[in-house]
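Below is a short briefing for a reader new to this structure.

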Amino acid sequence: MEMHDPPHPGEVFRRLHMEPLKLTVSETARRLGIARKTVSLLVNGRAGISPEMALRISLATGTTAESWLGMQAYYDLWRARQEKKKLKVHRLAA
């Protein structure tokens, strides 16, 4: 069953890990060892989670990198499916 309009993984990170601890973007960036702008882009849904970011988040939160990458892949695929009608693809036949 396909999920309807899944949340961006950055939004999930913000809601589950930043908000409960009342962490700012700046403090989160410091703890993850990355630039403030990178965190801002992520939690505002303007950047995706890379393998390195997934590893950083997993180390900081005790979650798995695979779960973050899976969430990002699912989100990306859902978005791509929304644009499927624009694709000009011809079926391959043997």
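Asp-5 sits in the segment before helix H1 (9-18); helices here are DSSP runs of H or I with at least four residues, strands are runs of E with at least two, and both are numbered from the N terminus. This is a predicted model, in which local features need pLDDT of at least 70 and side-chain atom pairs count only at pLDDT 80 or more, while totals for chains, interfaces and linings use all residues. Residues are numbered from 1 along each chain as its sequence is written, and side-chain values use heavy atoms, with hydrogens and water left out.

**Positive phi values**
- Asp-5 is not a glycine, yet its phi is positive, near 50°.
- Asp-5 counts as partly exposed because its relative accessibility is 48% (buried is under 20% relative accessible area, exposed over 50%, partly exposed in between, with a 1.4 Å probe and protein chains only).
- Lys-22, also a residue other than glycine, has a positive phi of about 55°.
- Lys-22 lies in the loop between H1 and helix H2 (25-32).
- With 72% relative accessibility, Lys-22 counts as exposed.

**Fold and dimensions**
- The protein contains five helices and zero strands.
- Its C-alpha atoms fill a box of roughly 55 × 25 × 20 Å along the principal axes.
- Of the 94 residues, 29% are buried.

**Contacts and charge**
- Of the contacts (heavy atoms within 4.5 Å) between residues at least 6 apart in sequence, 49% join residues at least 24 apart.
- There are 16 positive and 9 negative side chains, with Lys and Arg counted as positive, Asp and Glu as negative, and His and the chain ends not counted.

Terms used:
Charge placed at Lys NZ, Arg CZ, Asp CG, Glu CD.
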